[in-house]
Amino acid sequence: MPPDPDRILSDFIDAWNAGRRPDADDYVGRADEPDRAPLASDIVAFLAFAPTPEYDDAALEAIRAEPAVLAGAAATRAPGGLWPSLLPQLRRRASLSTGQLAAALVGALGLSPDREAKTRDYLERLEAGELEPRGLAGRLLDGLARLLEVPRTVLDGAGGFGTAPAPALFRAEGPRAEELRDDLDVLADALAAPAGGDWDEVDELFRGGDR
Amino acid sequence: MPDEPDHLLLRRYHAARQEGRDDEAARVWERLAENNFDRIKQICSAFRYTGGTGLPATETGSAATEAYLRVVAMGRSFREREVGQFRAAVYRTVHNACLDYGRKELRHQRRAGGSLDERYEPDGDAGPYDAALARYEAERRTDVREALEDEARRRRAEGLARWGIAQVRNDNYRAVLELTHLEKLDAAAIADRLGISLDNVYQRRRRGLTELEKILRAPRS
């Protein structure tokens with residue numbers, strides 16, 4: 001007797017609601033070949049609005065050990081946000097090495113071909129979490145979104161929650177505090193300003209900000 | 001830390017954002033994403049293009065990872081306040097990630113006469129459930145008192161699905177969907193509660209889901 005797809009779907013639903021973490025592939029594979037695509041669609045229809053199960057501790061621990069979840073958790077705390085996890089993922093999907101992506105960016109953004117090495121170096125630093133995502137220019141994000149075939153909004157979100165640098169602490173009060181605050185602002189602006197000399201368009205794209 | 005339900009996490013996320021506690025908002029969003037990891041992963045596994053083919057088995061894991069990271073990225077600017085809206089956004093994000101993942105593979109199919117349909121604007125927010133969300137919101141706004149009562153808020157946590165189930169015309173399907181989605185009863189318990197056979201439960205669940213899907217995807221009227 002052929003397996004009943006309605007029953008397979010129902011078994012999947014019961015396993016999901018019970019927090020047993022059913023594998024959709026496994027359940028779809030139980031059906032006869034012609035029934036598999038409709039069964040998969042029914043499972044997706046259920047999952048779109050299924051209640052989230054009440055997972056037990058073991059299940060939650062297993063979920064938190066998944067590589068994707070670990071990457072997401074690390075991104076929440078790291079200054080580089082999601083970039084170190086997301087960019088290599090997107091590159092792999094697009095079958096581009098860092099060098100190839102740099103070359104494509106240089107072309108797409110109309111940069112001088114001799115800027116390719118510097119662009120690659122910046123991309124590597126972005127993947128290593130060494131760059132502050134707020135420094136990435138909008139034009140760069142547009143270019144990356146186009147080349148990596150991903151919505152720009154995803155790249156905007158990759159910067160994390162915008163953790164601000166720790167505020168300066170000082171004890172002055174009243175007018176003295178205001179004076180000191182002004183001085184500190186000037187100092188902060190000076191530190192954040194681009195260095196002279198070698199600063200070029202590539203630096204502007206990766207560190208200049210202004211989305 | 002104990003498992004917190006999605007609607008409470010979403011509420012805490014918005015409270016933290018509103019009060020400028022970004023670090024806390026990020027941690028809460030991370031928990032919300034964790035809670036929904038299996039949903040994301042299994043939607044990728046069961047995802048099918050028009051024509052019935054799914055992602056290659058070797059790509060499903062990578063697609064799920066990318067989809068999960070996209071959902072984490074969504075937390076930087078998520079504005080909706082209800083779990084149903086959150087789930088619709090998760091579904092849309094995962095669906096688009098799967099389409100993007102299979103894009104290369106499908107290019108030659110499209111050239112060969114197939115189509116890569118259902119692609120929403122890459123930067124747009126349109127999704128298959130938008131019309132249902134709009135109708136649901138419109139109906140919800142008509143009851144002002146509801147917004148003031150905490151009990152009503154709790155009931156609304158599963159709002160969109162609950163609203164959709166209430167629109168299912170067939171009483172038998174609706175009863176099975178309510179017991180499945182809202183009370184999380186298994187098939188045997190539903191059969192027992194309704195006094196029907198297991199085969200009937202299986203059939204009504206599937207047919208009810210099909211009808212619910214139609215309601216939630218129906219164009220705006």
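Reply: H9(B) and H12(B) are roughly perpendicular to each other, a label for angles of 65 to 115 degrees, where under 35 is roughly parallel, over 145 roughly antiparallel and the rest oblique. This is a predicted model, in which local features need pLDDT of at least 70 and side-chain atom pairs pLDDT 80 or more, while totals for chains, interfaces and linings use all residues. Residues are numbered from 1 along each chain as its sequence is written, chains are lettered from A and ligands numbered from 1 in the order written, and side-chain values use heavy atoms, without hydrogens and water.

Me: At roughly what angle do the axes of H9 and H12 of chain B cross?

Reply: Two packed helices are described by the angle and the distance between their axes. Here the axes of H9 (residues 159–167) and H12 (residues 198–217) of chain B cross at roughly 110° and come within 9 Å, and the crossing is right-handed.

Me: Which residues of H9(B) and H12(B) meet?

Reply: Contact means heavy atoms within 4.5 Å. On the H9(B) side are Leu160(B), Ala161(B), Trp163(B), Gly164(B), Ile165(B) and Gln167(B), which meet Leu212(B), Ile215(B) and Leu216(B) of H12(B). By class, this contact has 7 nonpolar, 2 polar and no charged residues.

Me: How are H7 and H8 of chain A packed?

Reply: H7 (residues 98–108) and H8 (residues 116–127) of chain A pack at about 125°, with axes 8 Å apart, which makes H7(A) oblique to H8(A). Their crossing is right-handed, and the contact has 6 nonpolar, 3 polar and 4 charged residues.

Methods
Axes fitted to C-alpha atoms, helices over the stretch in contact; angles between N-to-C directions. Helix = DSSP H or I, 4+ residues; strand = E, 2+ residues; numbered from the N terminus. Left-handed = near helix turned anticlockwise from the far one by under 90°. Nonpolar A, V, L, I, M, F, W, Y, C, P; charged D, E, K, R; others polar.
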